[in-house]
Amino acid sequence: MVTYAQPAIHGFSPEKPRTQAGHFRCGHMRVRMTLHSTQLRKQAWLKFQLPRQHSQPHTSNKILAATSKSVANSEAAAAAFREAGIPDEVTTKVLQQYQPYQRWDIDSKLRPALKLWVNQLGSQQLSARLKQMPRLLVRTPQESSNVYLWLASVGVDAEKIQKQAPRVMTRQLSQVQSTLWAMQELLQLTDEQLPALFSQQKYCLLRTPEYAAQTLNTLAELLQVPVASPQVLDVVKVSDYNLFMMDPVLIHQRISFFCKEFGGGQDMVKRALKQGIFCVSVELMRARAAELNGRFGWPDHELNKVLHIQPRFLTQKPSTVANNIQKFQAHNFSLAQAMHIYTSVPGIAGYDWDSAANTEKLTYLKLILQLSSAELTSCCRMLGTSLERKVGPRSEFLYRCRDIHPDVPVRLSGYSSYLQSLSDASFAAKFNDFSASPPLIYDAVFKQHWQERWTFLRHNMGLSVADISACRALLFTSLPNTLAPRWHFLNLLEVAQADFKTADHLTTLATLSDEHFAQVFNSVSVDLLYDQVD
């Protein structure tokens, strides 16, 4: 018998086995073919090709109809948003990011939802909220408010969650409650511990209780402790905020690989979890480790040592790490000092040392507190401490309460460690001096006065940190009683007298008594008297 090449019948494969002699499976049909009959083969060919040929226009029409309907729905939805006073650019973004709105019934669902929110917030505020949270309309204002109020009632910072994880407000209250209660039960938390936990792990409230439990079980397995142990809670409270957005299987896989590849016990597991190494794929870890080796010339044991302290290095591009270290070196730190600082202070590797704020802080520490690069390396945690919230106000308070002359470096008095450690309450309890006249009290008012004076010196007077360092008495001059009015008066003199320069009189401005100041400068211009200037 002669075998002929089979025609390419739709759904037919010559490799498929025959059911019996002369029979083949073709799609869902069983076809008997006589290989000697060309006519039968041709009929079979036409039988299976014609329906497919005829179906093409029909399918195309369906696609066109669906496309047309989708466009019409999109236009109708956009019109509803426009009627509610939502700008077109916001509407476009919202409809792209949350497409189910286009499938909502316009009259019975979309317009009523928009009307409720407009009545609650107004069009302008609703636009801002929709930009932040496109799926906002899936809940009524009352339902969203119920979630907010309940979170606030259990001590959780609902305002922070609404800003940073707004999708939580679009969940049903019962869903949010079940997740929070499950977390509380699994970790055996008191009500007082809830705010700190959910301040960091806001996205946990987007998950089901079962998913949250899987994540906690994974952490417990990696740490080799029970779920309710303090070690698990400690990791959860400070770990990367994406912790509960990750697949628990991936978390386990990536942390296990990191610890096996770069060595280390449970301390390294905990550090890797806290620094978010689970956000980096295994392939990317390998590639970044190899690039770090190439850039810094580290042998494997040296790289392992660095990563044992700072797993966070692998969460950044090696080029970013290298650039930041080079920027740090530009501030007169050696490579060895820079690497010591970067591996000793968590998070400092992510700082931009070219930024105005960090440059200002470094200059303050070096010029005003007169700390050398070597000294800053030995107390490097100060580099991660805020100038305006801690270092600046505390250094001034130490000068005042210990009666240290402004020209004496505070480090020589043995107090530099207190600038970077202790809570505000502990610092105040240690150094407040109620016997002084007036009493010296470190509180929010004292910090605010320092911040206002620093802002005035830097921005209103336009002085650099070096200028302030050259005349430190400015830091101890009252802003409302002395600094501001005298600066205003000297500027008026500069306008009136072409050869008078305010910047030449900074020391006089800060150190003279009011009487002496008036005597000195009232003689400069007969038209301007210090005690007569408002």
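Tutor: For the residue classes, Ala, Val, Leu, Ile, Met, Phe, Trp, Tyr, Cys and Pro count as nonpolar, Asp, Glu, Lys and Arg as charged, and the others, Gly among them, as polar. The model is predicted, so local features need pLDDT of at least 70 and side-chain atom pairs pLDDT 80 or more, while totals for chains, interfaces and linings use all residues. Residues are numbered from 1 along each chain as its sequence is written, and side-chain values use heavy atoms, with hydrogens and water left out.

Student: Fine. What is the volume of the largest pocket, then?
Tutor: The largest pocket has a volume of about 410 Å³, where a pocket is an open set of points on a 1 Å grid over the protein atoms alone, with protein on both sides within 12 Å along at least five of seven lines, and a cavity is a set where a 1.4 Å probe fits but cannot get out. Lining residues have an atom within 4 Å of a point, and a volume is the space filled by probe spheres set on points joined across faces, edges and corners.

Student: Which residues are closest to its centre?
Tutor: Of the 17 lining residues, those are E396, R400, F446, H449 and R453. Helix 21 (444-460) is among the elements giving two or more residues, and it supplies the largest share, five; helices here are DSSP runs of H or I with at least four residues, numbered from the N terminus. By class, the lining has nine nonpolar, three polar and five charged residues.

Student: Switching to aromatics, how are the rings of Y364 and W454 arranged?
Tutor: Their centres are 5.4 Å apart and their planes at 80°, so the pair is edge-to-face; rings of Phe, Tyr and Trp (its six-membered ring) pair if their centres lie within 6.5 Å, with planes under 30 degrees apart counted as stacked, over 60 as edge-to-face and the rest as tilted. Y364 is in helix 17 and W454 in helix 21, 90 residues apart.

Student: Is Y364 buried or exposed?
Tutor: Y364 counts as buried because its relative accessibility is 2%, given that buried means under 20% relative accessible area, exposed over 50% and partly exposed in between, with a 1.4 Å probe and protein chains only.
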